[in-house]
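Biologist: I am new to this structure. Could you walk me through how to read it, one feature at a time?

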Amino acid sequence: MGRPSSPLSAHLPPLIMGTATFNSQYNHDPYALPTTELVHRALTDGVRAFDTSPYYGPAEELLGRALASETVRTVFPRHTYQILTKVGRIASSSFDYSPRWIRHSIRRSLQRLHTDYLDAVYCHDVEFVSRAEALNAVRELRRIRDTEGTIRYVGISGYPVDVLCEVAELVLRETGEPLDIVQSYANFTLQNTKLLSQGLPRLAAAGVDVVPNASPLGMGLLRRKGVPIGSMGDFHPAPDGLRNAVLAAGEWADTQEGEKLEVIAIRFALEAWLRDGAKVGARGPPLACAPNDGRDLVPVATKGAAKRLGVSVMGVSNVDELNETLRVWRSIIDGLENDDDEQQQPSASLTPSEENISDRAWSQDCQRRVSSLAQQIQAILGPEWVDFTWASPGPDFVNTLPPNHLSSLEEAEKGAAKAGLNAESSVSAPVETVDKTALI
């Protein structure tokens with residue numbers, strides 16, 4: 001128990017599979033998604049870390065079900081992959097950062113995910129609570145880490161870069177211990193790179209070990225067809241002017257360059273953050289083979305694995321999206337090493353085939369092409385929308401807990417006590433019904 005002897009960056013892989021898409025905000029029926037198949041295929045193809053949250057509707061339950069399957073338990077023992085989850089956010093306008101709720105949330109996550117420990121836990125969307133609440137939540141998570149050992153690393157997540165920096169600086173100043181991990185989303189994309197220009201210097205100075213870049217498509221903004229519409233309707237906070245500018249950029253890329261906006265955006269974010277985010281990156285293998293004997297992992301992509309690489313979080317909803325993302329990822333990893341060969345190949349499609357994944361010259365040509373396309377797309381967006389960020393929280397936000405919040409917490413604590421568990425402990429509680437209406 002206590003703070004791990006090695007930093008999170010020593011073993012976290014640079015690619016994490018996110019499960020925010022296992023939710024009704026992005027999909028009409030997350031239970032109809034092939035989530036178990038997605039998790040199994042991801043593991044088989046070398047993904048070794050998963051990001052989730054109680055706020056993502058049934059995501060924890062669906063991820064836990066996949067990880068608890070006989071296939072995973074047999075081939076991929078728990079120590080061969082990492083689980084990152086969150087605490088504090090209950091619904092779109094409901095937050096509880098109290099120590100009591102944090103303890104309950106950890107118990108529930110352990111149960112849903114069928115595990116006796118969590119590799120990392122974030123305070124979810126810290127901009128919605130006071131700085132003091134965020135600081136106290138970090139302290140409670142560290143107390144659980146130090147006394148119970150069910151948490152290994154502690155961090156925060158959120159949208160406004162300046163708030164993430166302020167909380168990271170506050171934690172270091174007040175506790176003398178830096179955060180292990182700070183996750184930003186939608187702030188290193190084709191449209192907005194504030195995580196690099198404004199966030200990275202301050203977060204590194206605050207001693208933050210790892211800074212994952214999540215949502216390379218800006219919560220689905222950077223798509224030819226516009227933002228995703230799930231069963232909850234249009235959730236995206238981007239104004240119409242930004243949406244229209246993105247649609248115009250997507251039309252230009254498709255008709256003039258023969259490229260999908262999504263592919264350009266994903267490749268730009270993954271490839272650029274590997275390099276630009278390396279200072280707050282991780283040293284784990286970019287991809288890994290299945291364990292040979294249930295214990296050892298054999299790297300598939302070893303290029304750059306000995307040095308730090310910027311960490312990205314990807315989210316997919318179907319097998320085709322997973323396969324395409326991993327094809328792009330492999331081709332990016334293949335082109336990591338500098339090559340003195342300046343041979344230029346014709347600019348083919350940015351979506352790699354199995355034949356050219358291992359062609360470093362092709363990969364490096366794609367890197368140059370993406371850089372050029374990114375500059376042209378940013379020119380189409382114009383100064384009004386490049387690095388534009390929306391308010392989070394909005395001006396009308398009021399933290400409102402559900403009417404049954406306290407009673408449900410008391411009931412969960414009684415259930416834990418009845419099962420012979422200490423309510424102060426983070427040991428998993430009995431199965432609870434997942435709130436399918438929770439927002440991402």
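Modeller: Gladly. Start with a charge and a ring. Arg152 sits over the face of Tyr117, at 4.0 Å from the ring centre. Keep in mind that this is a predicted model.

Biologist: Which residue lies over the face of Phe128?

Modeller: Arg89 does, at 4.6 Å from the ring centre. Phe128 also belongs to a cluster, where ring pairs link it with Phe95 and Phe397.

Biologist: How do I read a pair of rings?

Modeller: Two values describe a pair of aromatic rings: the distance of the centres and the angle of the planes. In the whole structure, a search finds 10 aromatic pairs. One of them joins Phe95 and Phe397. Their centres are 5.9 Å apart, with 85 degrees between the planes. Planes over 60 degrees apart count as edge-to-face, so this pair is edge-to-face.

Biologist: Where do Phe95 and Phe397 lie in the chain?

Modeller: Phe95 is in strand S5, residues 94-95. Phe397 is in the loop between helix H11 (360-385) and helix H12 (405-418). The pair therefore ties together parts that are 302 residues apart in sequence.

Biologist: Is Phe95 buried or exposed? And what of Phe397?

Modeller: Look at relative accessibility. Phe95 has 3%, so it counts as buried. Phe397 has 22%, so it counts as partly exposed. The cut-off for buried is under 20%.

Biologist: Which pair is tilted?

Modeller: Phe188 and Trp273 form a tilted one, at 4.9 Å centre to centre and 50 degrees between the planes. This pair links distant parts of the chain, 85 residues apart. Phe188 is in the loop between strand S8 (181-185) and helix H7 (194-205). Trp273 is in helix H9, residues 261-276. Phe188 is buried, with a relative accessible area of 1%. Trp273 is buried too, at 0%.

Biologist: What touches Asn213?

Modeller: Leave out residues up to four places away in sequence. Then Asn213 touches Phe188 and Trp273, among others. Its contacts also include Ser184, Asn187, Leu195, Ala269 and Val311. Asn213 is placed in strand S9, residues 213-214. Its relative accessible area is 1%, so Asn213 is buried.

Biologist: What does S9 pair with?

Modeller: S9 pairs with S8 in the parallel sense, over 2 bridges. Tyr185 has Ala214 in S9 as its bridge partner. Now follow the strands around. A closed barrel of 8 strands, with parallel pairing, runs S1-S2-S3-S6-S7-S8-S9-S10.

Biologist: How many bridges join S1 to S10?

Modeller: S1 and strand S10 (residues 312-315) pair over 4 bridges, in the parallel sense. In S10, Val313 stands opposite Ile16. S1 also pairs with strand S2 (residues 49-51), again in the parallel sense, over 2 bridges. Gly18 stands opposite Asp51 in S2.

Biologist: Which residues are on the two sides of S1?

Modeller: Leu15 and Met17 are on one side, Ile16 and Gly18 on the other. All four are buried, and both faces of the strand are covered.

Biologist: Now a helix. How do I check the length of H6?

Modeller: Helix H6 has 15 residues, 161-175. At 1.5 Å a residue, it should span 21 Å. Its end C-alpha atoms are 21 Å apart, so the two agree. After H6 comes Gly176, with a positive phi near 75 degrees.

Biologist: What do the buried residues of H6 pack against?

Modeller: They pack against helix H5 (131-148), strand S7 (151-158), S8 and H7. Among these buried residues are Val161, Val163, Leu164, Cys165 and Val167.

Biologist: How far apart are Cys165 and Pro201?

Modeller: They are 36 residues apart in sequence, and 9.3 Å apart in space, C-alpha to C-alpha. Pro201 is in helix H7. It is partly exposed, with a relative accessible area of 47%.

Biologist: Last feature. How many residues are in the largest nonpolar core?

Modeller: It has 125 residues. Leu12 and Ile106 have the most contacts inside it. The largest share of this core comes from H9, with 10 residues.

Definitions and conventions. Residues are numbered from 1 along each chain as its sequence is written. This is a predicted model: local features need pLDDT of at least 70, side-chain atom pairs count only at pLDDT 80 or more; totals for chains, interfaces and linings use all residues. Side-chain values use heavy atoms; hydrogens and water are left out. Rings of Phe, Tyr and Trp (its six-membered ring) pair if their centres lie within 6.5 Å; planes under 30 degrees apart count as stacked, over 60 as edge-to-face and the rest as tilted. Buried means under 20% relative accessible area, exposed over 50%, partly exposed in between (1.4 Å probe, protein chains only). A charge sits over a ring if NZ of Lys or CZ of Arg is within 6 Å of the ring centre and within 35 degrees of the ring normal. The expected span of a helix is 1.5 Å times one less than its number of residues. Contact means heavy atoms within 4.5 Å. A nonpolar core is a set of buried Ala, Val, Leu, Ile, Met, Phe, Trp, Tyr and Cys residues joined through side-chain atoms within 4.5 Å. Two strands pair if DSSP finds at least two bridges between them.
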